[in-house]
Amino acid sequence: MERYWLVAASFCFLLSFGHTLFALGSGTFRPARFNLAAMAGGFVFESIFLYQRGQIVQTCPITNLFEVLVFLSWSIVLIYLLVGPAYRLSLMGAFTSPLVLALLMLALLAPVDIVTPRGAHNPWIEFHAALSIIAYGAFGLACIAGIMYLVQERQLKSGRVSELLLNLPPITDLGAINGRLLFTGFLLLTVAFVAGLAAGIAVAGIKAGVSFAIWTLYGTLLAMDRMRLLPTRRIAGGSIAIFIIALVTLPSVSHLAAP
Amino acid sequence: MTILCAGINHHIAPVDVRERFAVANHEIADVLHNVRRIEGLHEAVIVSTCNRVEFYAASICPELTLDGLRGYLETRTGLEAPLYHHDTPSSVRHLFRVASGLDSMVLGETEILGQVKQAYAVAAGAGATSGTLNRLFQNAFRVAKSVRTETQITRGATSVGSVAVELAGKIFGDLDHRRVMVLGAGETSERVARSLVSRGVKTVIVSNRTFDRAAQLAGEIGGMAIHFDHWQNEFPDVDILISSTAAPHPLVTRERLEPMMRQRSGRPLFIIDLAVPRDVEPAVNRLDGVFLYDIDSLQDIARRSLAVRQSEIEHCERIIDRNVTDFVGWLRRRQHAVL
């Protein structure tokens with residue numbers, strides 16, 4: 001029954017994406033509250049779902065891949081709602097909505113909602129798992145900022161002034177936002193790892209290996225950004241590539257709350 | 001009650017005539033006071049900009065009011081006033097078109113809306129408006145907003161200078177702390193530099209083969225002149241380069257720029273090459289963080305924007321026609337109610 005909330009959330013994200021595409025196509029896109037309202041509506045529905053799931057499983061609802069996908073989608077929207085209005089990134093909603101919509105569709109359509117036996121309730125483990133996924137939410141939005149950067153760069157290099165170029169934020173701002181989101185995600189993921197260590201979680205080899213590899217990749221990318229060792233377009237490309245790797249390897253680390 | 005519009009604008013009068021009829025801001029209250037004595041005139045607003053001087057009046061006897069207005073202007077300027085005039089409903093349509101930027105020299109420009117708002121505020125403040133013109137101008141502001149948001153009439157930039165400013169904004173965002181270098185003080189580069197200064201750029205370095213010309217331009221736009229032999233020393237700190245020298249070979253090549261870009265800590269470089277033959281090698285655009293535009297690409301962007309704006313005129317006119325009908329209907333109902 002609680003899945004209907006996810007359908008409603010999907011509808012909101014679809015509405016946000018469709019409205020922006022139509023407005024850009026007809027040349028009447030204006031930075032407006034519609035995107036923000038649609039994204040906020042989707043966020044509320046996802047929150048209701050997660051609350052109800054939490055009541056059912058009696059723990060943070062990240063006990064299987066289905067719940068992890070929903071929680072990740074919720075985290076990306078949460079970070080967007082925090083970052084988007086602050087930087088007047090109205091169009092970021094249009095780039096974010098297809099990603100969160102795809103995550104929700106995957107969660108709803110793939111047979112991944114499998115009841116997983118739980119160990120003893122440990123708040124440290126739940127904190128570690130929830131914070132890790134919120135960190136991935138920040139990385140997801142860094143990936144979106146990276147895509148926006150590359151799109152804007154292509155527009156500027158090509159010498160064409162399109163509706164997209166006029167409405168995307170300045171390329172310098174996109175590079176800076178990408179860097180800040182990488183930093184935020186890396187910080188959250190590091191705290192989550194420390195919490196995991198504090199909880200004394202005994203983690204399976206592949207899960208630990210993949211998690212550490214992702215953390216190292218993001219750490220290296222962040223360091224290169226801070227030390228200006230790579231041009232911004234490469235940092236943007238790196239944000240996209242590492243997030244895709246993280247998504248592909250998600251099933252192996254999906255039982256984050258499980259040892 | 002008839003709404004009368006009478007005036008002169010850039011379509012019918014050159015600047016040397018328009019300037020004689022212009023009403024300065026500090027004179028408007030006095031002029032309003034005088035024109036309100038004209039027979040039949042109940043309400044008045046004066047819109048005076050560099051491209052137009054227009055009187056909007058609510059009058060019960062438009063012919064007498066128009067004659068009175070002509071007489072007043074002839075007395076004031078000593079010239080016969082070559083006025084055009086419109087009565088309801090074409091005066092209403094005219095105001096809606098003016099406020100929407102459809103009657104402007106640069107189609108779709110938005111500055112005029114602010115000027116019309118200012119003119120109305122002054123007239124309202126002087127007690128020169130009442131029910132009819134209040135409603136008319138409020139409607140004009142609403143129509144202008146609809147035209148702006150529902151069509152692409154304000155889309156893009158339509159001159160080389162404004163295209164350069166728009167692109168600079170899309171690269172850097174805020175231009176306040178950006179450094180601009182003008183290499184070759186030609187007419188177009190001067191216009192582009194002035195456009196950038198008007199958008200907040202504070203540091204402009206001018207270099208020209210003739211130092212006196214560089215010093216003159218730098219003085220005019222509040223910049224700093226340097227000798228042409230030294231421009232490469234200042235170049236690494238520059239964010240925007242406007243180049244228009246008469247050099248027969250490229251001054252900026254990929255080989256020269258590549259090591260400089262590595263020293264810039266990831267700061268982008270916007271190059272506006274206005275020279276023919278070009279001063280900057282096209283391969284430079286392939287470097288990370290370099291955005292190169294030549295005169296053709298800037299003019300092409302301006303032309304496309306103008307074409308988009310022109311294609312939107314019909315759409316704008318439909319919005320205006322609909323609102324003119326609504327307003328004239330309101331005016332008639334109001335007059336019936338009074339009778």
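**View 1. Strands S5 and S6 of chain B pair in the parallel sense in this predicted model.** The two partners are strand S5, which covers residues 179-183 of chain B, and strand S6, which covers residues 203-208 of chain B, and five bridges join them. Within this pair, Arg179(B) has Thr203(B) of S6(B) standing opposite.

**View 2. An open sheet in chain B is formed by six strands.** Read across the sheet, the order of the strands is S7-S6-S5-S8-S9-S10, and their pairing is parallel. Strand S7 (224-227) and strand S10 (290-294) of chain B stand at the edges, where each has a single partner strand, so one side of each is left without a neighbour in the sheet. On average, and with direction ignored, neighbouring strands of this sheet are turned by 20 degrees against each other.

**View 3. Chain B is divided into two parts, domain 1 and domain 2.** Domain 1 of chain B is made up of 2-155 together with 312-338, whereas domain 2 of chain B takes in 160-302. The centres of these two domains of chain B, taken over C-alpha atoms, are separated by 42 Å.

**View 4. Chain B and chain A meet in a contact to which both chains give residues.** Chain B contributes 21 residues to this contact, and chain A contributes 17 residues. On the side of chain B that touches chain A, the elements giving two or more residues are helix H6 (131-150), helix H7 (160-172), S10 and helix H12 (295-311) of chain B, and H7(B) gives the most, with four residues. Sorted by class, this side of chain B holds six nonpolar, 11 polar and four charged residues.

Conventions
Residues numbered from 1 in each chain as written. Chains lettered and ligands numbered in written order. Predicted model: local features only at pLDDT ≥ 70, side-chain atom pairs only at ≥ 80, totals over all residues. Domains from an automatic or database assignment. Pairing = 2+ DSSP bridges. Axes fitted to C-alpha atoms, helices over the stretch in contact; angles between N-to-C directions. Contact = placed C-beta atoms within 7 Å. Nonpolar A, V, L, I, M, F, W, Y, C, P; charged D, E, K, R; others polar.
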